[in-house]
Amino acid sequence: MFRLNHFTRSEKIWLWTLVGVKLSLHFFTNHNYGLHRDEFLYWDQGHHLGWGFFEVPPFTPLMGWLATSVFGDSIFALRFFPAIAGCIIVLIIGLMAKELGGKKWAIILACLAYILSPAFLRTNTLFQPVCFNQMWWTVAAFIFIKIINSNEKKYWYFLGIAVGLGWLTKYSIAFFMAAILISVFLTENRKWLSTKYPYIAFGIAFLIALPNICWQYKYGFPVIQHMNELASTQLVNVNPIGFIKSQLMGNASGVLIWIPGLIWLLFSKQGKPYRLLGFSYIFLILILIALSGKSYYAFGVYPMLMAAGGVAVSTYLEHKKNTIKYLFATCLIIPLLLLVPKGLPILPKEKLAGYFNTIKNFGYGQRWEDGKYYPLPQDFSDMFGWEEMAQKVAKKYHSLPAEKKSSCIVWGGSYAHTSTLNFYKKKYNLPEIFTLHSSYILFIEPPPIFDNLIIVDDVWSDSSSYFFHHEFVDSIENKYAREKGYIFYRDQPRINVDSAVIELLKNERAALFEE
């Protein structure tokens, strides 16, 4: 399916060169900033593999476990597979452009639009489900093109596998498949539905997804609770105008490629066989607007539009003067290069605020999920301050008298504090970290007998209902960090605290199985 037999030698060289460029961009910059709060979580979940977690399906934690098993616990290890996923997408964009009738310049333009896009530079930097999710969407789009071009039945089997693995990566692939299904009804591809193969593909996808679906059923479908929580805290800040604006600006001057690609799919004679892909983009956007989805939920469809756009633009420029071709290439590449620091951790930390303040004047304000604007992007701010927090927790812990240290636990106020401290536990010789937050209630062990604790939280507190002594210790001081990381020390229990915590854990787990 991914063979390059029909490529010319020049096309092969260019495609593999562009894949190499994509890989190099990430391998040489991934370590410049620290890990993101969510990366710590998926790393920690990789030590407790199962068929699901409250936040994500199992694929991303599995990739984290695999990467760190090979390369050790490091930034390079966790960001290895996101970079590889980006390279796979570059390769598939080239394959799609060729399948759609494009030649060398179609491949180059389409791949460059993706490689330098600020949105995709960031998603292929971070160890999160998004990068793998976009990869499966791109694979699925490519398979639909192969089905249209060859009508070979084997591609339906491949489609089922891709969609099934996509489900195990991020549930949003259901939105893409819903948009595809609507588009099938509106095009001549509806004839597929009179054959058995789409249903076989669905069956394969369902069987792959079934263990996770069973896990969801066992725990009362936490994905629904998670979506309701998102809807009330984050998605409420999403509006249709802002959503559309993000679609237009997320890939910067890449719009010069993907918009012609959309038009080519919808209206050109050459693109008519693939019209369902153009329709699927329209319906996906409508679905996400109706559901108040985040803007990046739609980003997985842009690689296919870029492939189509490479064909459309290169066809238009084929007989134009070289001056026009170079002018177009300049208009595409220069803005993308100027916005590389928006997606890639390439600038020194000291220059970040100044850079983002400059691009704010061009419409790239840094809006966080709370709907407010800040000096830095939320993803970047979430990469700073975590090791500082672990160092300060360790300093307090190791300052305790021996008798206190032996009966002290460390408590994470959220998944971010807990997973971060677990990541640095060996380096700073910390005890086991305990929490009742998020997926940790599925696999956390009850704490040992304790009578004092160090707690890290993002919420300030003046007292404790469990301890008489409540002392503020320290907090994260890194000016770039989003996290406050308040560190408190608590001593002199009011009650039998270890028994109380065990009872709380028992009740939390029992609640998972209530009807």
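Predicted model: local features only at pLDDT ≥ 70, side-chain atom pairs only at ≥ 80, totals over all residues.

**Salt bridges**

I began with Lys425, which forms a salt bridge with Glu432, their closest N and O atoms being 2.8 Å apart. My rule for a salt bridge is a side-chain nitrogen of Lys or Arg within 4 Å of a carboxyl oxygen of Asp or Glu. Glu432 is exposed, with a relative accessible area of 56%; I call a residue buried under 20%, exposed over 50% and partly exposed in between (1.4 Å probe, protein chains only).

Residues are numbered from 1 along each chain as its sequence is written, and side-chain values use heavy atoms, with hydrogens and water left out.

By the rule above I count 17 salt bridges. Arg482 forms one with Glu369, at 3.6 Å between the closest N and O atoms. Arg482 lies in the loop between S6 and strand S7 (486-493), and Glu369 in the loop between strand S1 (366-367) and strand S2 (373-374), so the pair ties together parts 113 residues apart in sequence. (Helices, H or I of at least four residues, and strands, E of at least two, are DSSP runs numbered from the N terminus.) Arg482 is partly exposed at 27%, and Glu369 is partly exposed at 28%.

I also looked up Asp474, which forms a salt bridge with Lys392 at 3.4 Å between the closest N and O atoms. Asp474 sits in strand S6 and Lys392 in helix H21 (residues 386-399), so this pair ties together parts 82 residues apart in sequence. Asp474 is partly exposed at 23%, whereas Lys392 counts as buried at 16%.

**Rings**

I found 47 aromatic pairs. Rings of Phe, Tyr and Trp (its six-membered ring) pair if their centres lie within 6.5 Å; planes under 30 degrees apart are stacked, over 60 edge-to-face and the rest tilted. The ring centres of Phe40 and Phe423 are 5.3 Å apart and the planes are at 75°, so I logged the pair as edge-to-face. Phe40 is in helix H2 (residues 37-45) and Phe423 in helix H23 (residues 415-423), so the pair ties together parts 383 residues apart in sequence. Both Phe40 and Phe423 are buried.

**Core**

Which residues touch the most other members of the largest nonpolar core? They are Met96, Phe176, Leu277, Tyr302 and Leu421, out of 166 residues. Such a core is a set of buried Ala, Val, Leu, Ile, Met, Phe, Trp, Tyr and Cys residues joined through side-chain atoms within 4.5 Å. Helix H8 (residues 129-150) gives the largest share, 13 residues.

**Sheet**

Next I traced an open sheet of 5 strands, in the order S4-S3-S5-S7-S6 with mixed pairing. Strands S4 (433-434) and S6 (467-474) stand at the edges with a single partner strand each, so one side of each has no neighbour in the sheet. Two strands pair if DSSP finds at least two bridges between them.

**Helix H17**

Last, I checked which residues of H17 are buried: Phe328, Leu332 and Leu336. They pack against several helices, including H6 (104-115) and H14 (255-267).

How values were computed
Contact = heavy atoms within 4.5 Å.
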